[in-house]
Amino acid sequence: MVSFSDRKDLPAPLLGCLYCHAEGTITEIEPRRWPGNSSDYPTLVCSQCHSAALFDERQAENTWRIRYRRVNRHEKYYFAALQFENTGWTYADDALETSTTIYIQRQRVQQALQGDLSWLRPVQLSPSPPPIMTSELVYLQFKHALLRTEDTPRRPGPSESPNDVLDSGAFYVTDQNVHLVGRDRDWSYALARIRDVEFSKKGWKVHLDTKETKRFFQAENHAEAMDAQLATAVIKTLWQRHQERHQA
C-alpha cells in the first residue's frame, strides 16, 4: 500500500480531520491481521481529537467511505459524536456534508456563548399560538417537549412509568418568555424564571424557579430540531440578555 504522504491527490479525510477539522493531524495505520481480525482497511487517527476511523478508498472509482471506531466525547465535540458515533460506514458526499454541519454547529455554539446571536433569525409563525404575544420574537421552536416536576417518585409496576409529567406539547423560546402549548393548557414563564439550562447526549432541560413544586421543560434531540448543545447556548444568551435589560 502506498503511503498517503507520497501522493498529491489526497482525499479530504487524509488532509484534515472530519471530526475536529484540524489539518495535518492524520496518521494512517496499516491494517493488522491476527486471529479474529480480518480488516483490510487502514485506520486514520487524529493527533488533535484522538478520533480513530476505518478508511476505505476506492481510487479506481474516485470515491471513499469512513467508519468511526473511536470518538472524542468531550463537550467541544458533542455534536460530532452525535453525528459520527455508531453510524457505520459513511460515504464521501454524506461524510463531507456531515463534517461541514459539525463545523458550523461548533462555530454557532461559540458565538452564542459569547452573546452573539446575529446568525439566528426569528421564526415566522402564521398564526402565532395564543400564549405568544405580538411583541415577542420567537427564536426557537420544538414540536414536542415535556413539562415535568422534579424529585417525584415513579409509579410502581413493571413499566415504571413516570408520574411527574404535567403536560406535553409544542415548545417556544422568545426574547421574553418560554411557552408550552400543551395538550391540557398553555404554560408560559418569563425568561427571568429560568434557574438553569443543561444538555446531555439525549437532549436539554430548562429548570424553572417557581413558587410551585420545582419544574423543568425537557426535550430530546431530534434531527429536525436544533441540537441540545446549541439550543442550550441560545437559551442561556437570551436569558442573560433578558436579565441585563431588566437590571439596566
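Helices (H or I, at least four residues) and strands (E, at least two) are DSSP runs here, numbered from the N terminus. The model is predicted, so local features need pLDDT of at least 70 and side-chain atom pairs count only at pLDDT 80 or more, while totals for chains, interfaces and linings use all residues. Residues are numbered from 1 along each chain as its sequence is written, and side-chain values use heavy atoms, with hydrogens and water left out.

Leaving aside residues up to four places away in sequence, Arg70 touches Val45, His50, Ser51 and Ala52, where contact means heavy atoms within 4.5 Å. With His50 there is also a polar contact: the backbone oxygen of His50 lies 2.9 Å from a polar atom of the Arg70 side chain. Such a contact is a pair of N or O atoms within 3.5 Å; within protein, one must be able to donate a hydrogen and the other to accept it, and residues adjacent in sequence count only if both atoms are side-chain atoms. Looking along the chain instead, Arg70 and Ala81 are eleven residues apart in sequence, and their C-alpha atoms are 9.5 Å apart in space.

At 49% relative accessibility, His50 counts as partly exposed. His21 is partly exposed, at 24% relative accessibility. Most residues other than glycine have a negative phi, and most peptide bonds are trans. On the peptide-bond side, the link from Ser126 to Pro127 is cis, with omega near -5 degrees. Pro127 is found in the loop between α3 (92–113) and β6.

Now turn to strand β8 and its two partners. Strands count as paired if DSSP finds at least two bridges between them. Strand β7 (residues 165–174) and β8 pair in the antiparallel sense over five bridges, with Ala170 standing opposite Val181 in β8. The two form a hairpin with two residues between them. On to the next partner: five bridges also join β8 to strand β9 (residues 186–190), and this pair runs antiparallel. Here Asn177 stands opposite Ala190 in β9, and the β8–β9 hairpin has three residues between its strands. How much of β8 (residues 177–182) is buried? Five of its six residues are, so the strand is largely enclosed by the rest of the structure.

Charged side chains make the last stop. Side chains of opposite charge can pair when their charged atoms come close. A salt bridge is a side-chain nitrogen of Lys or Arg within 4 Å of a carboxyl oxygen of Asp or Glu, and by this rule the count comes to seven. One of them brings together Arg58 and Asp56, at 3.2 Å from N to O. Asp56 is buried, with a relative accessible area of 9%, whereas Arg58 is partly exposed at 30%.

Another salt bridge joins Lys201 and Glu85, with the closest N and O atoms 3.6 Å apart. This pair links distant parts of the chain, 116 residues apart: Lys201 is in the loop between β10 (194–199) and β11 (203–208), and Glu85 in the loop between α2 (78–84) and β5 (90–91). Lys201 is exposed at 55% relative accessible area, but Glu85 counts as buried at 15%.

Lys143 and Glu224 form a salt bridge too, their closest N and O atoms being 3.3 Å apart. They also link distant parts of the chain, with Lys143 in strand β6 (residues 138–149) and Glu224 in the loop between β12 (215–220) and α4 (228–247), 81 residues apart. Lys143 is exposed, with a relative accessible area of 72%, and Glu224 is exposed at 62%. Finally, salt bridges that share partners join Asp56, Arg58 and Arg65 into one network.

How values were computed
Buried means under 20% relative accessible area, exposed over 50%, partly exposed in between (1.4 Å probe, protein chains only).
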